[in-house]
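Hi,

Here is the structure I said I'd pass along.

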Amino acid sequence: MTVEITHLPELRVATVRHVGPYEDIPEAFERLHQLADQAGLASMPGNTMLAIYHDDPSTTPSDRLRSHAAVVVPPQEALPGGLVEQTIPAGNYARTEHVGPYERLSEAWEQFKQSVPQTGKQLGSGPSFEIYRNDPSTVPKEALVTDLYMSVA
């Protein structure tokens, strides 16, 4: 697994909250897609979808895991009702790329988490998140590309 350290700018995102097992976040994405489509956010150029994870599944019971389905929104864009604004802070993040089905993301996260110390960095206090680089409705599962990010210090 290749891990790089990168600096990201602040990201303003519109979110739908999910509490429960991380693998159930598609329910929140369905709601996000409905609201974003109605507001025209889904068709904006450069639309970026992501999932934000707030808890460590190895220490938090699965029914209490907090996450958000999100879409990046330009600073001047008004948010439609039903979506909550959040900010992913600017900073240094470890990044790796996962190619393949979403069902294998938990394995990728475990390997990623174990690989970060080899960069000489430690996990930071910021969020972990995934950025989805292509659309599962138009791309075969084996070709899905997901960037994984973890805050580092």
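Which side chain does Arg12 meet in a salt bridge? The partner is Glu85, at 3.1 Å from N to O (a salt bridge being a side-chain nitrogen of Lys or Arg within 4 Å of a carboxyl oxygen of Asp or Glu). Arg12 sits in strand E2 (residues 11-19) and Glu85 in strand E5 (residues 84-88), so the bridge ties together parts 73 residues apart in sequence. Strands here are DSSP runs of at least two residues, numbered from the N terminus. Arg12 is buried at 15% relative accessible area, while Glu85 is partly exposed at 44% (buried is under 20%, exposed over 50%, partly exposed in between, with a 1.4 Å probe and protein chains only).

Before I go on: this is a predicted model, where local features need pLDDT of at least 70, side-chain atom pairs count only at pLDDT 80 or more, and totals for chains, interfaces and linings use all residues. Residues are numbered from 1 along each chain as its sequence is written, and side-chain values use heavy atoms, without hydrogens and water.

The structure has seven salt bridges in total. Another one pairs Glu4 with Arg95 (3.3 Å, N to O), linking strand E1 (residues 4-8) to strand E6 (residues 91-99) across 91 residues. Glu4 is partly exposed, at 38% relative accessibility. Arg95 also bridges to Asp147, with the closest N and O atoms 3.9 Å apart, and both Arg95 and Asp147 are buried. Through shared partners, Glu4, Arg95, Arg133 and Asp147 join into one salt-bridge network.

Cheers

Notes:
Helices (H or I, at least four residues) and strands (E, at least two) are DSSP runs, numbered from the N terminus.
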